[in-house]
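Please look at the sequence and the model below before reading on.

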Amino acid sequence: MEHPLMYRIALTLVPNIGPVIARLLLQHLSPEEIFTARRPVLEGIEGLGRLRADSILKFNGFSQAERELVFIEKHGVRPLFLTDDAYPQRLLNCYDAPVLLYYKGTADLNQSKIIAVVGSRLHTEYGRLVCEKLIDDLQHSGVLVVSGLAYGIDSLVHKHSLKAKLQTVGVLAHGLDKIYPADHFAMAREMTGQGGLLTEFVTGTQPDRHHFPSRNRIVAGMSDATIVVETEIKGGSMITAELANGYYKDVFAFPGRTLDKKSSGCNHLIKTNRAQLLTDGKQLLETMGWATAKKAVKKQTRELFIELSAEEQAIVTLLQERQQADIDELHLRSGLSSSRVAVAVLNLEMQHVIQALPGKMYQLL
């Protein structure tokens, strides 16, 4: 069976080829060409090396890729390759973004407001109250809520988001052929109709310990902001927060009592300026520039009729297509030099045509 998707799946199965190297390969060759290229071509790609070239040349896992293709078609799973429009575009700014994701759901993974909410698996009553209050505050905001479907704060986030009619996406550390923990099966099924389930792992992949940090990078990378509700100084939530910081995302944490071990991680993030102190959902919306976005659009619509330079018009056109974009994306997609983009963005801000958002993002007024 020769299907274009089969080669994309196969690329994720090659030993010694992780997402960083896979993206390097795709800068030079298509997925099909990667598996038909001769050794000199592969070894000629800077950064690949002989060991990885051998892994590609000796790869014999196409039967597994074919089985995955059958599973996808049978169960209505949507494969998202990194060049697809439906692929979570925010992830493309992360150097280690997966080249292929598997998605079962209805939510738009590129909508304008996406947050990740994470926390302890063994939360306290305080953590539960804070989590539920946060979701209640966001009920009419149109925010997409992402978490990891784990016990504790993750499951509270998903469950309360469903109750509040907010779309919620669970990122899995295993394939879509199972739900872990099994107790969350009913909730996960409901989420596919009001959000979705997302993973980079093929079927048969077990929820092994080393898969969870990989899962966490997707949670952090596909979101505009990561909110830590309650966590100790060590744990998966702290890893997610550090990943979000590394991706230049906004990070927030709810403070706790100084002697409360369950809040020691949140307090540490705040104390070391790795997270902004957060008290409620209203503050989050205001800080992210989401509380007044609609009002600003109506107020400044007439300003779009001012005379713009060619560079300024190029930036406006991109933002009309993308709704939001960061400075690096504007630079890459406009074809302008970084200095010209910077000048154009500054002029547009001064003329009240665009506004700056947290995380070095911009949107039209």
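Which residues in α7 meet which residues in α8? In α7 they are G127, R128, C131, E132, I135 and D136, and in α8 they are I153, L156, V157, H160 and S161, where contact means heavy atoms within 4.5 Å. This is a predicted model, in which local features need pLDDT of at least 70 and side-chain atom pairs count only at pLDDT 80 or more, while totals for chains, interfaces and linings use all residues. Residues are numbered from 1 along each chain as its sequence is written, and side-chain values use heavy atoms, with hydrogens and water left out.

**The helix pair**

- Helix α7 covers residues 125-137 and helix α8 covers residues 153-163; helices (H or I, at least four residues) and strands (E, at least two) are DSSP runs, numbered from the N terminus.
- The two helices, α7 and α8, pack at an angle of about 35°, with their axes 10 Å apart; axes are lines fitted to C-alpha atoms, for helices over the stretch in contact, and angles run from 0 to 180 degrees between N-to-C directions.
- The residues of the contact of α7 with α8 divide into 5 nonpolar, 3 polar and 3 charged. Ala, Val, Leu, Ile, Met, Phe, Trp, Tyr, Cys and Pro count as nonpolar, Asp, Glu, Lys and Arg as charged, and the others, Gly among them, as polar.

**The sheet**

- Strand β2 (residues 100-105) pairs with β6 in the antiparallel sense over 4 bridges, and the bridge partner of K104 in β6 is L197.

**Strand β5 and its neighbours**

- Strand β5 (residues 168-171) is covered on both faces, with T168 and G170 buried on one side and V169 and V171 buried on the other; buried means under 20% relative accessible area with a 1.4 Å probe, protein chains only.
- Strand β4 (residues 144-147) and β5 pair in the parallel sense over 3 bridges, and V146 has V169 in β5 as its bridge partner.
- Strand β6 (residues 195-199) and β5 pair in the parallel sense over 4 bridges, with V171 opposite L198 in β6.

Methods:
Buried < 20%, exposed > 50% of the residue type's maximum accessible area, 1.4 Å probe, protein only. Pairing = 2+ DSSP bridges.
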